[in-house]
There are 2 protein chains.
Amino acid sequence: MNMDFRLEYISKLFEKTSKKRIENYVISRIWHLLSDLEVKFIPQQYVKRNNEKYALTDLYLPQIGLHIEINEPAHYISDEKIEIDKKRKNEIEDKTNHFVIEVDCRESLEKIHEKIDFIVKTIREKVHQKRIEQNFIPWGNGSEFTPEYHKNKGFLRLKDEPCLRTIDDICALFGAKVPMRGYLRQGGVVHPSQKDLLIWWSIESNRLWDNELLENGDFICERHRDLEKRKNHVNGVVIDSHKRAVFFCNTDNLGFKFYRFKGIYQIDKDKTKPETGIIWKRIENELKI
Amino acid sequence: MNMDFRLEYISKLFEKTSKKRIENYVISRIWHLLSDLEVKFIPQQYVKRNNEKYALTDLYLPQIGLHIEINEPAHYISDEKIEIDKKRKNEIEDKTNHFVIEVDCRESLEKIHEKIDFIVKTIREKVHQKRIEQNFIPWGNGSEFTPEYHKNKGFLRLKDEPCLRTIDDICALFGAKVPMRGYLRQGGVVHPSQKDLLIWWSIESNRLWDNELLENGDFICERHRDLEKRKNHVNGVVIDSHKRAVFFCNTDNLGFKFYRFKGIYQIDKDKTKPETGIIWKRIENELKI
């Protein structure tokens, strides 16, 4: 029997933060008091700031654009440190249009609890507002990662952010033969009924390949790390005119691996160069199953 | 600034259980939803069963005699295992007059949440009942471990379960000179105004000494591990007729060390033997400061 995906995910989040004891206490309290299984929590969210700087926020709720920073007493050791933190908070808010709530852990336990009550109330209000506006994508129970879920739906649509967890599941969704496992496992399989469509499970990067989503996924750059092999690869693929249904793979910071449907892509021959790699351009947001 | 003792304690409890992810999830949820800072949680409680067997229950609430067992799916792999667990539960309940609630983690996350809601409701009812009966000793915020707290009270009384956290604090309480630190730090200090009373911080056991509370603390056995030294020690102490105010030291399973006031003791000359050690007998439950 499999563990519920949400329990698997949240309990892993708790485990990951367990060494930072106050942070763990605050995050677990927000989760349990909120008690809304449709709200997703992300730890250690990467946020771009100005001038190539970036920040990792302690907790991020992507559905409502809320970051929570749990500031242990060391955050307040000097006025300078306080000033730096303030600037950081402002930059995150400016850059992302998200907002940041800070928990000051110098306070008494009772005050920390009050702050968490305020945070929980804030999350509830924002989620409620989004639900009213029919603008809330609920975090699922894991059933939305199964081939059956998408088969029943009958299509993959970019804005639903469809996801699968394994290559086997991607193949099962299309009734395609699962390629052999192994070191050189192929990166895709031809669609059983559309011979010009390759189902491509693209890795972000590994030892050999350096693939990247560009302009929010409107383009994908695919390139071999070795220049000679890159040129051969580009020249080989460019004469072929197949399309690709892309499942872009990434691993989140709790170690969960997902293949996210990104749409149907075609080579952009103007932008593709043997020296810099293939540029795939999104031409469709939807795929019928 | 010191961390609030309750936050220190509970966050350590969460950290300690973090590898057992479902257990950690359930315990943290009970704690946060209960949200009663006067209720103490103890993990991995030792319980004697029949025939020298013992059990460690996942969570114990000593103020209301409630054990909670968080049974991961592996607990149910066979009828035999289920039968063993049932017998174990019955033995714990019979032996202790406590009661045990089990959480079956094969259930869906929603069902696990319902079970936790039931547990929280049960705890609230039992605590409420005890409070009405004025029979509830609240878990403190740590201020009750300070010398000032006991000085203000003016006495140590066994049934209040007085506790201190360091030898320095014990000495401060009586205005006694703190003995030198070091390997052979002495085990006690003479009361500044009662010269026949030794303030004794007794260790449970170490490499040299094997001390033990007997009959619920009515007696204490003090003995050196080495038989020759034990005889010399007994013979030396027995001719002296001092009394002892005992702070018995133990370390809980989260690593917190406490010196608990146990009363005033005198040598029980009938029971004391050079071969088996000194038997101290409790003669008073209270000590004025």
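Ile42(B) sits opposite Tyr60(B), a residue of strand 2 of chain B. This pair belongs to a predicted model. Strand 1 and strand 2 (residues 54-61) of chain B run antiparallel, joined by 6 bridges.

**The four-stranded sheet of chain B**

- The sheet is open and has 4 strands in the order 1-2-3-4, with mixed pairing.
- Strand 1 (42-48) and strand 4 (99-104) of chain B take the edge positions.
- Each of these two edge strands has a single partner strand, so one side of each lacks a neighbour in the sheet.
- On average, neighbouring strands of this sheet are turned by 45 degrees against each other, direction ignored.
- Helix 2 of chain B packs on the sheet. The helix touches strand 2, strand 3 (66-71) and strand 4 of chain B.
- The direction of helix 2 makes about 140 degrees with that of strand 3 of chain B.

- A hairpin is formed by strand 7 and strand 8 of chain B, with 6 residues between them.
- Strand 7 (residues 188-190) and strand 8 (residues 197-203) of chain B are antiparallel and share 3 bridges.
- Val189(B) has Ile199(B), in strand 8 of chain B, as its bridge partner.
- Strand 8 of chain B also pairs with strand 11 (residues 243-251) of chain B, through 7 bridges. This pairing is parallel.
- Trp201(B) stands opposite Phe247(B), which lies in strand 11 of chain B.

**The contact between chains A and B**

- How many residues does each chain bring to the contact? Chain B brings 24 residues and chain A brings 24 residues.
- On the side of chain B that touches chain A, helix 1 (5-16) and helix 2 (21-34) of chain B each supply at least two residues.
- Helix 2 of chain B gives the most to that side, with 8 residues. Helix 2 of chain B is also the helix that packs on the four-stranded sheet.
- The side of chain B that touches chain A holds 10 nonpolar, 6 polar and 8 charged residues.

**Chain A as a whole**

- Chain A contains 7 helices and 14 strands.
- The C-alpha trace of chain A spans about 65 × 45 × 40 Å along its principal axes.
- Chain A has two listed domains, domain 1 (5-132) and domain 2 (153-288). Their C-alpha centres lie 34 Å apart.
- Of the 289 residues in chain A, 27% are buried.
- Take the contacts in chain A between residues at least 6 apart in sequence: 54% of them join residues at least 24 apart.

**Helix 6 of chain A**

- Which residues of helix 6 (residues 167-174) of chain A are buried? They are Ile167(A), Ile170(A), Leu173(A) and Phe174(A).
- Seen down the helix axis, these buried residues fall within an arc of 120 degrees, so they line one face of helix 6 of chain A.
- The cover over these buried residues includes helix 5 (147-153) of chain A. It also includes strand 6 (163-164), strand 8 (197-203), strand 11 (243-251) and strand 12 (257-267) of chain A.
- Gly175(A) follows helix 6 of chain A. The phi of Gly175(A) is positive, near 65 degrees.

Methods:
Residues numbered from 1 in each chain as written. Chains lettered and ligands numbered in written order. Predicted model: local features only at pLDDT ≥ 70, side-chain atom pairs only at ≥ 80, totals over all residues. Buried ≥ 20, exposed ≤ 12 C-beta atoms within 10 Å, placed from the backbone. Arc of directions from axis to C-beta. Contact = placed C-beta atoms within 7 Å. Nonpolar A, V, L, I, M, F, W, Y, C, P; charged D, E, K, R; others polar. Domains from an automatic or database assignment. Pairing = 2+ DSSP bridges. Axes fitted to C-alpha atoms, helices over the stretch in contact; angles between N-to-C directions.
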